[in-house]
Amino acid sequence: MKKESNPLPFDSFMNPGVGRYAKTYKESLETPDKFFEEAGFLLDWYSKWDKVLDKSKEPYYRWYVNGKLNLSYNALDRHSSGSRRNKAAFIWVNEKGDEKIVTYNGLYNRVNSFSRALLDMGIRKGDRIAIYLPMIIEEPVAMLAAARIGAVFTVIFSGFGAEAIAERVNDCGAKMIITADGGYRRGKFIPLKETVDRAIELTTTVETVIVVKHTNHETNMVEGRDYWYHDLLEVKNYVEPERMDSNDPLFILYTSGTTGKPKGVVHGTGGYGVWVTNTLKWAFDPKENDRWWCAADIGWITGHSYIVFAPLILGLTSILYEGSFDYPSPDQMWKIISYYEVDILYTSPTAIRALMKYGDEYPRSHDLSSLRVLGTVGEPINPAAWQWYYERIGSSQCPIVDTYWQTETGGFVVSPALGIGYGPLKPGSATLPLPGIDPVIMNSDGKEAKAGEKGLLYLKRPWPGLMLELNNADEKYRTMYFGNAKKYYFTGDYAIKDKDGFYWLLGRADEVLKISGHRIGTIEVEDALLSTGVIAEAGVFGKPHQIKGESIVSFVVLKSGVNLDSSVEAIKNKVRDNFGPLLIPDEIHIVGSLPKTRSGKIMRRIMKAVYQNQVPGDISTLESGASLEEIKESIEKFRKELKTVDLAHS
């Protein structure tokens, strides 16, 4: 079990403290219609809603019924002629140090011009288009242009291969793909258009491809189907925003589980827009002149919500980065923060742990004093990484906003809330639910878990950011997310609520090991390994064991400077001393890197497949395939040593 940490007070940051949070949270549960009526006015509407929430067709909840608005208007038009007209909307930078600054008025002009191009190409309200672009300005432009004319977009992560693209295009019926000639990652050219060409061979609905000239590499263009982005644009061309119903779909984003086909999560316009904008204010309390860096990829929900829509609606300046955080040198992230004087950094625990392994020298060599708030996203952050982030990056001055949420939730659901006065923090805890979120943890008997007891996390009532549905999968939506007798939303995650009411996330329910009758989350074992102080990253999974049911296999990356000799036994001893024998892995393999997606998530499924000599499946999202070779070599070496030991005893 995760060790409980003492709260850290941040009264100087969050006066008036817990009292204001408690009052706001109570109001959100006791008078939800009134509370979310007021929250809705953070956006501009063409016409107000008739009803805040319609539950008549649960679990298909509908928010701000019959309200009319447009999120492109909210992100751009209301800023483009006022005091924010010449304010930077995005500061784009890449690994090579190239820079592009786009103001709100400049972004407004680009979006209008591309909206006209889409209309000229025959795209209309309700049509589906796919966006497969690197992290460049044209990606949010394409999203906002689609939103402006009412086209439903699906952003496909630029690390996916042809089959993954085709699967998503076929499911949503996209008529158009917007891509680029290529992109760069860790100095290597990525042939995006070439991948799209292969994907189209597996699709039947794509009529048009628009290509951004980003790298100037030679590109195959199919006459009558493929068009250069720059050839379609006019300098200025105003397009009246489509008046969208609050519950019209805005986008479809595909999220993969450990098995099965990716699910097409459909998010609406009004509820989603209200939720992401309010949650960014509640959680991070951004100021007008802040430079906000959500260091994620737009291809994932984090980028949709907190790079594109919420920051632009709030009129913030965002850093948009194309590249890897430790390339061309391990201090790339710290260089960007120092140079652009970033105020708020929001990144993943995996990125933090990856940067930790290089030691303290790199962050110390840069001025990070502009940072006021730090945040994390994507998975639970272990206390050791939390402490390093807080002390080394934030100089023990910046509160850490550890956010828990999912693609399906649209935005944060459990998180510290600096904007509504929430005070104490605990390293490794996502702390308390945001307004309107009513969590309950259920034990294996189907009863509410006691304080400190592990169970499955459910959310008891709907909130505006909840997805509208799954694309082409009504039955899956009902059974997967609301298949319980009480019709609560099932998160699929294990959690604990401690005696103070703080929530600790323990990882996916499908990533739980059963060892000697005990259910142990993979995140718990990884936390125990990271707490030894010598490990920068860890990934674990279970293998069958005749006596214990399952035993633990772990792959770890050591911190820089740690001696490899006798490390395995030393690690086991430290885990035993701190957490007891139950969390000690039977196998510890030391490797140079772990297989991770470009969004930073450790691919335990792939490690397990390689270990079991199985085909790992689609690995197109991996940051690098090199880690797989290391894992294979480590396994072979371990098995040879095991055979040698067996022969010696025979």
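This is a predicted model: local features need pLDDT of at least 70, side-chain atom pairs count only at pLDDT 80 or more; totals for chains, interfaces and linings use all residues.
**Cavities.** On a 1 Å grid over the protein atoms alone, a cavity is a set of points where a 1.4 Å probe fits but cannot get out. Grid points are joined across faces, edges and corners, and the volume is the space filled by probe spheres set on the points. The largest cavity holds about 70 Å³.

I then read off its lining, meaning residues with an atom within 4 Å of a point. Among the lining residues of the largest cavity are Tyr61, Trp63, His267, Tyr272 and Met467. Strand 15 (263–268) and helix 10 are the elements that give two or more residues to this lining. Helices (H or I, at least four residues) and strands (E, at least two) are DSSP runs, numbered from the N terminus. I sorted the lining by class and got seven nonpolar, five polar and no charged residues. In this scheme Ala, Val, Leu, Ile, Met, Phe, Trp, Tyr, Cys and Pro are nonpolar, Asp, Glu, Lys and Arg are charged, and the others, Gly among them, are polar.

**Ground rules.** I noted that residues are numbered from 1 along each chain as its sequence is written, and that side-chain values use heavy atoms, with hydrogens and water left out. Local features need pLDDT of at least 70 and side-chain atom pairs count only at pLDDT 80 or more, while totals for chains, interfaces and linings use all residues.

**Salt bridges.** I counted 30 salt bridges, each a side-chain nitrogen of Lys or Arg within 4 Å of a carboxyl oxygen of Asp or Glu. One of them joins Glu288 and Lys87, at 2.8 Å from N to O. Glu288 lies in the loop between helix 10 (270–284) and strand 16 (291–294), and Lys87 in the loop between helix 4 (71–80) and strand 4 (88–94), so the pair ties together parts 201 residues apart in sequence.

I checked burial next: buried means under 20% relative accessible area, exposed over 50%, partly exposed in between (1.4 Å probe, protein chains only). Glu288 is partly exposed at 35%, whereas Lys87 is buried at 15%.

Lys193 and Asp226 also form a salt bridge, with their closest N and O atoms 2.8 Å apart. Lys193 sits in helix 8 (residues 192–200) and Asp226 in strand 12 (residues 226–228), 33 residues apart. Lys193 is buried at 2%, and Asp226 is buried at 7%.

**Helix 11.** I found 13 of the 13 residues of helix 11 (residues 301–313) buried, so this helix is largely enclosed by the rest of the structure.

Key:
On a 1 Å grid over the protein atoms alone, a cavity is a set of points where a 1.4 Å probe fits but cannot get out, and a pocket is an open set with protein on both sides within 12 Å along at least five of seven lines; lining residues have an atom within 4 Å of a point.
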